[in-house]
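Here is a short report for someone new to this structure. Look at the overall picture, then follow the rings.

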Amino acid sequence: MVAPSLKLQDLIEEIRGAKTQAQEREVIQKECAHIRASFRDGDPVHRHRQLAKLLYVHMLGYPAHFGQMECLKLIASSRFTDKRVGYLGAMLLLDERHDAHLLITNSIKNDLSQGIQPVQGLALCTLSTMGSAEMCRDLAPEVEKLLLQPSPYVRKKAILTAVHMIRKVPELSSVFLPPCVHLLHERHHGILLGTITLITELCERSPAALRHFRKVVPQLVQILRTLVTTGYSTEHSISGVSDPFLQVQILRLLRILGRNHEESSETMNDLLAQVGAGRRALVATNTDTSRNAGNAVLFETVLTIMDIRSAAGLRVLAVNILGRFLLNSDRNIRYVALTSLLRLVQSDHSAVQRHRPTVVDCLQETDASLSRRALELSLALVNSSNVRAMMQELQAFLESCPPDLRADCASGILLAAERFAPTKRWHIDTILHVLTTAGTHVRDDAVANLTQLIGGAQELHAYSVRRLYNALAEDISQQPLVQVAAWCIGEYGDLLLEGNCEEIEPLQVDEEEVLALLEKVLQSHMSLPATRGYALTALMKLSTRLQGDNNRIRQVVSIYKSCLDVELQQRAVEYDTLFRKYDHMRAAILEKMPLVERDGAQADEEAKESKAAAQLSEAVPAPTEPQASQLLDLLDLLDGASGDAQHPPPLDPSPGGALVYLLDLPCAPPPPAPIPDLKVFEREGVQLNLSFIRPPENPALLLITATATNSSEGDVTDFICQAAVPKSLQLQMQAPSGNTVPARGGLPITQLFRILNPNKAPVRLKLRLTYNHFHQSVQEIFEVNNLPVESWQ
């Protein structure tokens, strides 16, 4: 005999009583067979019971697609019990991927026009849950009529359905625009909250709606003032805060309406000051986490003040509120405060500076995300007036910070020291402290920057070489420190032996100790090949600066003539040749490096550009295989350009320049006219600009700096810019400065393109941009043909 079908309650008990997964599957398979048989027999009385059991099976994760058509039959029924289960089944079993969902459009339309409130509520709930764009277009007039029905129950559900429709079909904004103004006069909490949400959606998706609702800003301000002063209703108060959900929603809408609009912002300023000051007093007296409702309203007030064109005093109030949040015991609130202050530090730097001690205290947070945010904000607060105090705090944090933060902290300290250093000696001491503490985590250019800084500070040569010698004698594991020390000892080793530096304690060092220390670096297993190259060159330079016998240095050099590392082997062979064949020229060849002289900001920029050009004309690392394969698609877009264009030959010196040099004539040509920048891409706040430089000493070379900025509300991640040029040109691409462009005008991404154009042909670029923005993958391929004439003629 076939077992009889179970009731829903009995089925739930039997499934829960199953001891194994196999027993549960057996019970469900038997009951699903009964449900299928009942559907085939067409039993109209018990159809809703069978579908209810099937829905429970679906909630457990088992297939229930065979019940989709039964949902349509129950919805079309005249019995409320059938409609209730049918609409519930439609919400669970149907979506836009199934064509069957379109078959219930007429049933929903009939139910919306019947006037039976429970049935209308079921239809509206189903439409707002699984309504597709086609259904929304067909049923929008019916929903619009229900927005002005006398029943609050139906109106509230109709408003929420309208929100879903606007999200699905933004062009329906004109349909729901007129009723919203009337709905703002409602006193019913649910209707008012839904109306504010609907207006927010309309303003975000329609510029016409944004202009329309700016006229109701005084009305919104009055509603919010009433909530703050007299309250709305006692049943909607939370922890003494009157209806915080409605307050937050109104503040979000005001933020949208007041953004970039002077008149609307003026109307809000007084109210925001009242809300912020009153709520701040509440938080100041109740700093425990039980006042989260008040904190939520206060934070939304701060965001609104930050986004609109608010008065200066109001922005100071917002910063002070965030500073108070930093003292909260809740980590989430402290994180929100640090993130918000980081956004404000550029526009309200002095106001944020008042909370610097509290921000610095947050560096000691045990939570990694909090300490990282505190580090970013601390670095942003460094300026010329507080650089000494802030550097002490940051250097103390560097010694104890987690390993994953050490690289960011070290790089931030080096950048801040380079920008705000009060003296050269302080700058050198700061970099040395970073190299000693976290040398393996510093940027690649730290060694070059410090050697250039020491070379330009002639009065600090003796001081620097002694400091570096002592640091090297204590620790040879920090490779950047070892490289700088080896370079400095090679250049100024004679000052190290003199011992007449008054800056530090007298240091007695003999030649054997210096040579032994450099040999220790060469023999250490921790030394990188580049570090050994520095040490070998330092030994060679000391051969002209020390007064003793050079046999020891010659023996060390001869050992490395058979080194497996090609670079070290080549250096050793060349140095040995100097000893054997050109010993009379050795002193002149190994003289001290010349000083780099700078005259102001323009010379600084020219030095940076010439340095970049020199690095590009030297050996550039070949791109990895994945990068090369990604560029193949681009390289055949412009006249079939090949991958060989990525590696142009070294540039020959200009014969004209050499002739001028030989004749000892003035060689300073007039500065070329600046090449105007060019905007080549803009989409949803993401913008790509190109700037151009043609070095006067090599007119055939064009340096293009691509700068990607982001003014939208969402971060741009995984940003990649690829380029291709025609065959007549040669292209080299330098690695970008990063792959993430923060929102709201954060730090841009820059990438350098080097184009060799010996024939002065018109420059054409094919660019491909790929990135993620608002959780969507974007890829754009376009051609740039309108480069300024000055860039190639």
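## Charges over rings

R425 lies over the face of Y463, at 4.4 Å from the ring centre. The rule for a charge over a ring has two parts: NZ of Lys or CZ of Arg is within 6 Å of the ring centre, and within 35 degrees of the ring normal. R36 gives another case: its charged end sits over the ring of F66, 4.2 Å from the centre.

## About the model

This is a predicted model: local features need pLDDT of at least 70, side-chain atom pairs count only at pLDDT 80 or more, and totals for chains, interfaces and linings use all residues. Residues are numbered from 1 along each chain as its sequence is written, and side-chain values use heavy atoms, with hydrogens and water left out.

## The chain as a whole

The chain has 35 helices and 10 strands. These are DSSP runs, numbered from the N terminus: helices are H or I with at least four residues, strands are E with at least two. Of the 793 residues in the chain, 48% are buried. Buried means under 20% relative accessible area, exposed means over 50%, and partly exposed is in between (1.4 Å probe, protein chains only).

The chain exposes about 39400 Å². Carbon and sulfur atoms supply 52% of that area. The areas come from the Shrake-Rupley method with a 1.4 Å probe. Take the contacts (heavy atoms within 4.5 Å) with a separation of 6 or more: residues 24 or more positions apart account for 68% of them.

## Aromatic pairs

A pair of aromatic rings is described by the distance of the centres and the angle of the planes. Rings of Phe, Tyr and Trp (its six-membered ring) pair if their centres lie within 6.5 Å; planes under 30 degrees apart count as stacked, over 60 as edge-to-face and the rest as tilted. By this rule the chain has 3 aromatic pairs. One of them joins W487 and Y492: the centres are 6.0 Å apart and the planes are at 85°, so the pair is edge-to-face. Both W487 and Y492 are buried.

F719 and Y771 have ring centres 5.9 Å apart and planes at 25°, so this pair is stacked. F719 lies in strand β6 (residues 716-724) and Y771 in strand β9 (residues 765-773), so the pair ties together parts that are 52 residues apart in sequence. F719 is buried, at 6% relative accessible area. Y771 is buried too, at 2%.

## A buried histidine

H461 belongs to helix α26 (residues 461-474). H461 is buried, with 7% relative accessible area. The H461 side chain reaches the backbone oxygen of A457 at 3.4 Å.

Terms used
A polar contact is a pair of N or O atoms within 3.5 Å; within protein, one must be able to donate a hydrogen and the other to accept it, and residues adjacent in sequence count only if both atoms are side-chain atoms.
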